[in-house]
Amino acid sequence: MSRPNPITPGLVIGLLAAVAFGAAIPHLVTDFTTYQFTLAMIYGIALLGLNILTGYNGQFSVGHSAFYAVGAYTAAILLYHFEWNHYATIPAAALVTFFFGFLFGLPALRLEGLYLALATFALAVATPQLLKFDLFEHWTGGVQGLFVLKPDPLIEGLSQDQSLYYVTLGIMLFLMIVAWTILRSRSGRAIMAIRDNPIAASTMGVNTALYKTTTFGISAMYTGVAGALSVFVTEFVSPDAFNFFLAVNLLVGSVVGGIVSIPGVIFGGLFLVFIPNYAQDISRLYPWVPPPWAIFGIFLILVVYFAPYGVWGGVERIRAWTQRRAKG
Amino acid sequence: MRFKTLLAATAATLLAGAAQADSTGITDTSIKIGNTSPYSGPASAYGVIGKTHTAYFAMVNRNGGIKGRTIDFISLDDGYSPPRTVEQARKLVEQEKVAFTFQTLGTPTNSAIHRYMNAKKVPHLFVATGASKWGHPEQYPWTMGFQPTYDVEGEIYAKYALDQVKDPKIAILFQNDDYGKDYRDGFLRGLGDKKDLVVSMLPYETTDPTVDSQIVAMKDSGANIFFNVTTPKFAAQAIRKSCEIGWKPLHLLNNVSSSVGATLKPAGLDCSTGIITAQWQRDPTDPQWFETEGYKEWAAFMKAEIPDGDLSDVNYAYGYSGSRLLHHVLENCEDWTREGIMGCAANVKDLQLPMVLPGILVNTSPTDFYPIQAEQLSKFDGEKWVLFGEVIDASE
């Protein structure tokens, strides 16, 4: 019996509409808001990495800030010390973070659940210090960090912010398609089988060790690409930006968007960028409102309670419900 | 007659064209001022500085504003994270359209927006950090520092130590970030060619639980001079530990941790006797200032505007000094445009701020973007800091 073709007309139309909307945004809002949307997409790419590892492969990571940092610093060092072309640093950052992710995945094989979480936590905590370490200071700039410049617009007539938005949009869509392809393939089924029942998976002949370490590598690579893009947008890297708080934020974003989803990462990214800002604006306007981080926390609790599969989980439930209604 | 009118009209047009200076954020009745502060995150103790500014300008507004304009002070949280500072600064400049930013806090955070503010030609005034890089109007004409710089303070200690101790052997404990390294590098520079007198130089992280092991190692190194570059919690630990193990070097404590209430009391007033620090502010826990006009003014402000504020927290005094300086600059400024305000900020002469040490005056000029550059050494006598020597003006 053949599987139904996933590429339905509905999917294609939805996708095209979303891409068209995304492409229109920089022309509808200010440069600053465009920059905020770019940041949201960058987070989205980072969250995609985390989703692949934690949502689809069941390996818990509270340490993705480390891979984000590695990607960012790879790009920054290549730009600052070696004056590479901006866009060339992205595949370089991808390779380097894949390597580190794979390397970390090896000892991680022996750890499950809580213990893996602790190991990734240790990685996240160590990262800022390693970046400040005297031995690497010549390369990393130590506590002073490194300055880079935004890339020039790719197309005449666009501002730097707009150009960066489109580059990020393109990369995000490309990476989403790649992730979707992997997860729909046999490898994807193996990856998910390892999450659902590792013993059954290995009994069926899945090389769990290879899949787990490779998934770690791919996950790190996605987050590393996001880190590299973040350097273009912020024009500055410094060690304290990549602390444990970032790792927690990434996990929060994944959960809010839907940790077992690909499109959900967009919502996760939007949440991470816009909710703290709105919370702060509301707090300033209405003094009786609780402080911004309390609002953020309340919002998070509501999401976890009412929509544990995140925004995209909610979308899928609505879709399933409407399909049931349609069938009568 | 008609020629004169034409001439006058032309002159007026040219003048108007020249004075087409940037008045973003400034109207006849209000001015928007932006700020980023760490209200959350590891440096949130400094959030009270932003809180002080907010309270100060609310008070000013109730009293009619400055030159008839209300102050719309917008202070955003950046969590001491440079990427967030970038985001909030862009929001202030591009969305809120503030006239300028004032006392944005932190070294890495201000570093992240340094070039942006200058590229956008928005005054980046009185940055709340002691790093040495903010006073370079040739390259960054829109950024101005505020407090005496860490590296100059370090130099002052080095010169004093070499002067006071025969056969000096120096130990340095420093926080492993830009602030710690700035002090350390200034100190080393002050040693000149005598850098080999440093027998022990040890860092620590803000996430470390204690610095006890570093202190023990320093005693073992035989050092008789201790340059202590730590924030209050760690300074107290360092003082207490050296006392415990009987290590009594010439103790040079960085000004950042010189508060009696925040550091010396927890460390033990007996243990703290003899410690030297360089001061530029009036320590709000030091009774010798209680009867002075400056202290009374500040205490009255705190009582009226921030009643739950901790009067032993020098950060409130710091914020007050910043606010008073800005108030003075705006009040004495004729040209309320971005360029004009920048020019007025670069034209402060001999201003005594209420909570700054008497005799340490604010001075700026188009080539001097370091408003406060003098410090005075003081020694702790078990109860209070006793100033000695001359006010050391580092503006040479």
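Author: A term before we start: two strands pair if DSSP finds at least two bridges between them. Also, this is a predicted model.

Reader: Which residue is the bridge partner of B:G34?
Author: B:T101, in β3(B).

Reader: What order do the strands of that open sheet come in?
Author: The order is β2-β1-β3-β4 in chain B, four strands with parallel pairing. The edges are β2 (70-77) and β4 (124-125), and each has a single partner strand, so one side of each has no neighbour in the sheet.

Reader: What lies across β1 and β2 of chain B?
Author: Helix α2 of chain B, residues 47-62, which runs at about 165° to β2(B).

Reader: Switching topic. How is chain B divided?
Author: Into domain 1 (30-148 + 291-374) and domain 2 (150-279). Their contact takes 11 residues from domain 1 and 12 residues from domain 2 of chain B. On the domain 1 side, six of the residues are nonpolar, four polar and one charged.

Reader: And B:I360, buried or exposed?
Author: Buried, because B:I360 has 21 C-beta neighbours inside 10 Å, and 20 or more count as buried. B:I360 sits in the loop between α12 (338-345) and β10 (374-380) of chain B.

Reader: What is B:I360 in contact with, leaving aside neighbours within four places in sequence?
Author: B:W280, B:I372, B:A374 and B:V391. From B:I360 to B:A374 is 14 residues in sequence and 5.9 Å in space, C-alpha to C-alpha.

Conventions:
Residues numbered from 1 in each chain as written. Chains lettered and ligands numbered in written order. Predicted model: local features only at pLDDT ≥ 70, side-chain atom pairs only at ≥ 80, totals over all residues. Domains from an automatic or database assignment. Contact = placed C-beta atoms within 7 Å. Nonpolar A, V, L, I, M, F, W, Y, C, P; charged D, E, K, R; others polar. Helix = DSSP H or I, 4+ residues; strand = E, 2+ residues; numbered from the N terminus. Axes fitted to C-alpha atoms, helices over the stretch in contact; angles between N-to-C directions. Buried ≥ 20, exposed ≤ 12 C-beta atoms within 10 Å, placed from the backbone.
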